[in-house]
Each structure stands twice: as structure tokens, then as C-alpha cells.
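Hi everyone, thanks for coming. Let me put today's model up on the screen, and then we can walk through it together.

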Amino acid sequence: MYQSKIAGMGYYVPKNIYSNDDLTRFMDTSDEWIQERTGIKERRFADRTEETTTTMAIEAAEIAISRAGVTAQDIDFIVFATLSPDYYFPGCGVLLQREMGMREIGALDVRNQCSGFIYALSVADQFIKTGTYKNILVVGSEKHSFAMDFQTRSRNVSVIFGDGAGAVVLQPTQDNHSGILSTHLHSDGADAEILAMYYPGAHANKWLKNKPSFPDQELGGLFLTSEQLESGAALPYMDGPAVFKKAIVKFPEVIREALASNNLSEKDIDLLIPHQANLRISQYVQKLLGLRDDQVFNNIQKYGNTTAASVPIALCEAWESGKIHTGDLVCLAAFGSGFTWASALIRW
Ligand SMILES: CC(C)(COP(=O)(O)OP(=O)(O)OC[C@H]1O[C@@H](n2cnc3c(N)ncnc32)[C@H](O)[C@@H]1OP(=O)(O)O)[C@@H](O)C(=O)NCCC(=O)NCCS
């Protein structure tokens, strides 16, 4: 069995910065409310017409691939995590493969929202461990801005999310003491609807069956109707307080699970990189685990919550700013829609 190591990483955030004050031009909100509840000061929004989830992923991937000392031709598998794909189908993995001129390699799309990157990393880790592949590109990328509603009715969602991408290249290493020590994945679908976007979706007929517009026919239906668009049924829905309550339980749980399975404890963590959901969630988890400020990395202040991109962006930014050293124990952890939650423990 091989061990996987992160051989290169990169991130990309769009140039357009929107401060909290900028958002007050579109909705009834305030810098004070957003900073106090979430810690966010500003976020990046992709160019509306020129940038997509795939183009941002390519920017991040090019840096990761070059830092790994390989070329796009050397990549032998892609795992792409996003909840904001360019198309309903096919997924972004094949678009990335095409645009980067890669060989006819496998491309897998992961739909685990905020935990998506750690799920993707875990899948890649298994393929490296078994010796199946030697260079796997793992990507998290999101263009939330195109689907969010910038009106007051959706302000609890739209002030939180931002756009961006992060990528890593995983390679095998013979050194059994470094690299990914373990990954831990969980889900509980009991509350799947409290952080979700229901439409377009295959259960659209259920929503429509008592509406006058429901087509009177034996088969087929409507994928997305103008009624749904107007009523806001095709917008992301989030019960923020309920998400918060679950997140502060599952984050520490999955971090402790990772430590326990490696006979380690909280004091062994050199850097915790939590999914950037909300600064208050990170601070709560930090306190519960008894970690110092320098043991937890946060950049939500600058980028908001970038869902599947948040962990690789934060990991790469932490590394670039010299916060990760050889031998360090780095813990990645995430929680999000599904609910799904996950962690990965890495010896650098
Ligand atoms: C979304 C979140 C910031 C809301 O904070 P909260 O303190 O729970 O606030 P509530 O939703 O209870 O709303 C409190 C009030 O603020 C208002 N409000 C909501 N969004 C607002 C905004 N952007 N600006 C101003 N006021 C806002 C609400 O309308 C409500 O007003 P009311 O009391 O008059 O009804 C918080 O619940 C949260 O961060 N949850 C976790 C979300 C998350 O991490 N999601 C990503 C999952 S990975």
C-alpha cells in the first residue's frame, strides 16, 4: 500500500471584490449585521459572462499541476467537487479534462456541497493507496453568484456565499509517516431539505401536481416552471440557525474521530483548516477543542463561504503564507448540506 501526499496545490479567486457595504445596494442588510453574525467582510464574485466554475477550476489546477512538477498530460484521474456546475449534466470534470487538453482519463464529479472537497480527496486517496493512479487532480470550485438571489428575501443566504476555486495534485509516497493519514466521511439525510436547492429536480411533478399549470398528460412533466422561478422555489433554501446547531456538534466530532483513529489528540494539531462556513462556527469549534488562534486558519473574512472550494483555498493560502511546515499535523474538516461532514488528517 502506498500513502498519498499533496504534491502541489493552487487556488483562484475572481478579481471582483464585493464588500458588505456593496451588498446594501441590492438588499436590506448592513456591514454590522454580516460581520457580527458571520465574520465576513467581503467576498469575490466571478465575471458574470466570462468566468464559470470550470474556468476558475482551471486557473487553480494549472498552479497545482505546475507546483507538483508535472503537466496536465501526466494527470491520470480527476475528482471535481462542486454544487454549482456549469451544466446540469455533464459534470465539470469532463469540461476540465477537455479544456486542459488532458488524456482520456477518468473524471468523477462529487456532489457533497461544503464537504465535497474532503469527500473528493478521500476518493483520490483510495486510488493512490491501491496504486491505481499516480497523479490525481482534486478540485473544488464554485460560481455561486450566478444562482443567488440578491434581494432582501434571500439575504440570509446571499450575504454568506462567494466564488472561487482550489485544487491539489495527489501523488503516492513511500514515506509511511507523511501524507494523508486518514479520511472520515459521514452523512445524515434526515434534514436534507433544510439546506438545499429543490429545483430543477426530478420531483418537480410533486410540487406541481395541484397547480393549474400541471400538464394533463400520462408521461413527462415540467423540469422547471415559470411559477417555480417566480415563487423562489428554484433558489437555495437555508434554515441558518438549524445548520449552525448541527455544525457545531459535527465539526468537533469528526475532528476528534480523525485524531482518535491515529492515536493523536487535540494538542497534536498544528493547523486546523475548517470549511469556512461561518467565523462563529470556527471560533466555537476552536474553543471546544481548546485550540489557540494560531492553530486554526480562517479566511472567510475575505472570501465568504465558497462551499467545495473553501477548504482547498484555505489550505493553499495557509501554505503560501508559511503557516504549514514539514512534519506539521494538518487537520481538514467540513460540514454542510445533506447533511454531510468529513475530516482528513495530513502529516506534512
Ligand atoms: C445564516 C446565519 C448567519 C443567520 O444568523 P442568525 O443569528 O441565526 O439569524 P436568524 O436567521 O435567526 O435571523 C435573525 C434576524 O436577522 C435577519 N437577517 C437575516 N439575514 C440578514 C441579513 N443579511 N442582513 C440583515 N438582517 C438579516 C432575519 O430576517 C432575522 O430578523 P427577525 O429577527 O426580524 O426575523 C446563521 O444562522 C448561520 O451562519 N448559520 C449557519 C449557516 C451556514 O454555515 N451555512 C453554510 C453551511 S456549510
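I'll begin with the domains and then turn to the annotated site.

A word on the ground rules: this is a predicted model, where local features need pLDDT of at least 70 and side-chain atom pairs count only at pLDDT 80 or more, while totals for chains, interfaces and linings use all residues. Residues are numbered from 1 along each chain as its sequence is written, and side-chain values use heavy atoms, with hydrogens and water left out.

An automatic or database domain assignment gives domain 1 (3-173), domain 2 (179-192 + 237-347) and domain 3 (198-231). The centres of domain 2 and domain 3, taken over C-alpha atoms, are 38 Å apart.

Now, which residues does UniProt annotate as "active site"? The unreviewed entry lists C114, H275 and N305; such annotations may be inferred rather than shown by experiment. They span 192 residues in sequence, yet no two of their C-alpha atoms are more than 8.8 Å apart, so they gather at one spot.

Let's take C114. You'll find C114 in the loop between β5 (106-110) and α5 (116-129), with helices (H or I, at least four residues) and strands (E, at least two) being DSSP runs numbered from the N terminus. Is C114 buried or exposed? C114 is buried, at 8% relative accessible area, where buried means under 20% with a 1.4 Å probe, protein chains only.

N305 sits in the loop between α11 (300-303) and α12 (310-320), and N305 is buried too, at 4%.

Finally, contacts, meaning heavy atoms within 4.5 Å. Beyond four places in sequence, C114 touches residues including H275, N305 and F335, and the partners of N305 include C114, H144 and H275.

Note on methods: Buried means under 20% relative accessible area, exposed over 50%, partly exposed in between (1.4 Å probe, protein chains only).
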